[in-house]
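This report walks through selected strands, helices, cores and loops of one model. Keep the sequence and the coordinates in view while reading.

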Amino acid sequence: MTAQAYTLDNGLTVVFERRDTARAVAFQVWVRAGSADERPDQLGLAHLHEHMLFKGTSRRAPGDIARTVEAHGGQINAWTSYDQTVFHVVIASRFARLGLDILADAVRGSSFDAGELAREIEVVCEEIKRNEDLPARRASRQLFAAAYPQHPYGRPVIGTAASVRDFTRERVLEFYARHYTPRNLVLSLAGDFDESRLRAWVDELLGGDWGQHHSGPLRRPAEPERTAPRICLREDGAKEAWLHLGFSIPDVAHPDVPALDVLALLTGQGERSRVIRECKRKQGLVRALESSSYTPLDPGLFSLRFTLAPNQVAEAVEEELRVLARLRAEPVPAEELAMLQAHFEARAVQQREEVQELARRLGYYQFMLGGLEAEARYHEAIARLTPERLHEVAERYLRFDRAVLTGLLPQGCDFSTERAEVMLMHAAHDGASRGRAPASVRGGPAPLPRLVRRKTTETAQGLVESRLPSGARVLVLESRAVPLVAMRACFAGGVRYETAETNGLTTLLGRCLTRGTATRDAQEVARQVTAMAGSLQGAHGRNLVELRGEFLSRHFQPAFRLFADCLRAPLFSEGEVARERGNLSRELGTRDGKPEGRVFDVLASTLYRTHPYRLPVSGESSAVARLGPESLRAWHAAYMNPAQMVLSVVGDVRAEEVLARAHELFGDASGALAAPPPVAPEPLPESPREHRQVLARSLTHLALGFMGARVTDSWRHALKVLSTLLAGQGGRLFRELRDKRAMAYSVNSYSMEGVDPGYLAIYMGTSPEKVTAALVAIRSELERVRDERVSEEELERARQHLIGTHELGLQRNAARAAMLAMDGCLGVGQENFQHYAQRVSEVTADHVRDVARRVIDFERSALAVVGP
């Protein structure tokens, strides 16, 4: 079914598309009220509405909205940007009317209770502190403040603690009344529903006369055109340098936007992009780099973000300017442009896999560009691009004489504003003198790939399993919903196969699997992946090592051969291993900059004293520094024989073809099989353990953990239900610590299972002065769930939330391939894939209390605290 749009009598616009391949439906309400629609005295008010619309209505008490959605297996959330605030619900299609009713009630009937408002203001202030702790957020704010000194895009979307604390209920209601009116909204829907019922529900729940007459958007001050570079560098406490290089570009409706999006992909998105290839892969100048073409309702920003060691800033900036100058000097080859166009084709196909992503696309094109036909125009413009047209757009906007360069520099970094000015001046002068390249080097017109149009009717096919002569297990699931295929190969390994001396080996191995083979070097592997508009990467975890691939299904045969080549014959060359080892070492050196993740490293090393689970999943720098090609080759030979593999292929393929190719490529085993390394069980703690790591941050991050379940334990489902009772927006911890006490922006519960016992952990990020009270409150909630029998209503909410989240998470081929391969490798078989909902629904209140008493033992707990 094609997408459709219509407008209610009250002015509300509705866009929808039916997709019956998943038993789910997604609803989104797009409100034309973002942070750029705020007056200077309303800074952060649009974002506060994102919080408040879930805090109760005339029909639903505070907390009921999230609890009801989660009780029916759904998810509810929202986001705020400069131009819009978006509220969204995704839920099983049998509860579609309920999902729409809840979303409509929140948007048109929120009560804005004064007490709830006061508590939520405290929560937002905690969120602001959390953002202040993240160098990526600080660097992004710095860029936009420098690029937009006049326009409201230069202000933080979330506001400041001072502006948020100054809000009153009257000011909140004033903003709501002005912006939350039917004519200022777009309702986007996608999924499995009956159109006639849908229209009736929309008319009933969002039709009629409600809201004030929309008085139109506020006039936003225009940003004056820059006539010279703008440079803003400042000293920062981060261990790395964080820099942004930005250029002014037009708004979303401008005809140059498709070309700018392709330029962003060409410069800094993916392994084959030019700046990543030169600055990261070849020269190792940056740890991370990403480009983006941000085109909102008003003029936007083309930017490159790079993170690197402070002693390499000048060299990296110079190299980036050189690569960008080449884009201004000469057209890209036709072959390279064709690869970029194929990537956009693949991206458009992938966006049809999940109903929530489909709803987002419908809402975006209607809201931002005024109609669904804009999507077809966009992709047609991408397909029509020529090297000359792309060159013309690069020349027009990549102006070094008008660039914005911002940076957070660690203490002692010698990169100065004066030096940056000289670099930009030289780049601008060189570009002007070089001029246009001669036509002879521009290449011919690029082929014009077209989007594949297919009916979204999925033929239900059973799961096919086969054992190859090598001993490899192959699982194939046919799915015709979209022309994509996902493949996943899993092997036992990961951190569980590491020691303190080799910690990081499987991380490095996963990164190097696709960095060249016996017949293809790293550049050729990357070129072929890009040419097939796919993705191919190694990965690892606590218990597994994997190779993941995803491609358009028409490329299945060459993609599968490339997948097999990387898996069976990785080269592990000295140069590539050294390069990846350097990148990994730099990343490990910045872990303190991510305290939310660091606290779980500290928890693992506190709860486990002897088991490999005590080791950081990504590795330790001192161990990584000792690893070389021989270490990787030895591990690969020992533990990545086809006989040790579980391979899954899911998507638009024929099972018999997959099995034939798998037999050809993986049918024989090579070499002797190595026995798994011995792993002794971890003794339970004999007394409470605690470890504190001091970090100069605004928030304190704490994690309280207890020894948990194995993936094969029959009681793991009860533990998942227990964790879900505590977690989520409807969970006990969220209600008590965030909703009632406003102690934190983020509080959650996690049940991590492993081949050996994992852990149950409670996480919270809070202000330092609230830590003691927060720990008391956490302990109180854990004692209550351990000692008191949960109600059937609360139990059912947790069960349905788990089941619904599980089903929604399996919409993508890649997610189903991952579950099949990982569970097969971990010894779970097809249990989760075929019986997960049944196992969860069988969990009783007694099971929950029993598992709580089994796990929650404060005398055998571990507490990790990271912060000031």
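## The five-stranded sheet

Two strands pair if DSSP finds at least two bridges between them. The model is predicted. In it, five strands form an open sheet with mixed pairing, in the order E7-E11-E8-E10-E9. Strand E7 (230-235) and strand E9 (288-294) stand at the edges. Each has a single partner strand, so one side of each is left without a neighbour in the sheet. From one strand to the next, the twist averages 10°.

E7 runs parallel to strand E11 (residues 404-409), and six bridges join the two. Within this pairing, arginine 234 has leucine 408 of E11 as its bridge partner. Helix H9 (residues 257-268) lies across strand E8 (241-249), E9 and strand E10 (300-308). Its direction is at about 175° to E9.

H5 covers residues 135-147. At 1.5 Å a residue, its 13 residues should span 18 Å; the end C-alpha atoms are 18 Å apart, which agrees.

The buried residues of H5 are Pro135, Arg138, Ala139, Gln142, Leu143, Phe144, Ala146 and Ala147. They pack against helix H4 (114-132) and against E7, E8, E9, E10 and E11.

## Nonpolar cores

The largest nonpolar core has 57 residues. Leu243, Leu245, Leu263, Phe302, Leu390 and Phe415 touch the most other members. Helix H11 (residues 313-329) supplies the largest share of this core, nine residues. Another core lies apart from it, with 54 residues, among them Val25, Met52, Tyr176 and Leu185.

What is leucine 243 in contact with, leaving aside its neighbours within four places in sequence? The list is Leu304, Arg305, Phe306, Leu308, Val313, Val317, Leu405, Thr406, Gly407, Leu409 and Phe415.

E22 has strand pairings in both senses. Strand E18 (residues 689-694) runs parallel to E22, joined by six bridges. There, valine 694 stands opposite glycine 867. Strand E19 (residues 700-707) pairs with E22 in the antiparallel sense over five bridges. In that pairing, alanine 703 stands opposite alanine 864.

## Buried loop residues

Asparagine 10 sits in the loop between strand E1 (4-7) and strand E2 (13-18). Is asparagine 10 buried or exposed? Its relative accessible area is 13%; buried means under 20%, so asparagine 10 is buried. Its side chain reaches the backbone oxygen of leucine 206 at 2.9 Å. Beyond its neighbours within four places in sequence, asparagine 10 is in contact with Pro182, Arg183, Leu206, Gly207, Gly208 and Trp210.

Two phenylalanines in loops also deserve a look. Phenylalanine 112 lies in the loop between helix H3 (96-109) and H4. Although not a glycine, phenylalanine 112 has a positive phi of about 50°. Phenylalanine 112 is buried, with a relative accessible area of 2%. Phenylalanine 572 lies in the loop between helix H19 (556-568) and helix H20 (574-588). The phi of phenylalanine 572 is near 50°, a positive value in a residue other than glycine. Phenylalanine 572 is buried, at a relative accessible area of 2%.

Key. Residues numbered from 1 in each chain as written. Predicted model: local features only at pLDDT ≥ 70, side-chain atom pairs only at ≥ 80, totals over all residues. Heavy atoms only, no water. Helix = DSSP H or I, 4+ residues; strand = E, 2+ residues; numbered from the N terminus. Core = buried A, V, L, I, M, F, W, Y, C linked by side-chain atoms within 4.5 Å. Buried < 20%, exposed > 50% of the residue type's maximum accessible area, 1.4 Å probe, protein only. Contact = heavy atoms within 4.5 Å. Axes fitted to C-alpha atoms, helices over the stretch in contact; angles between N-to-C directions. Polar contact = N/O pair within 3.5 Å; in protein donor to acceptor, adjacent residues only side chain to side chain. Expected span 1.5 Å × (residues − 1).
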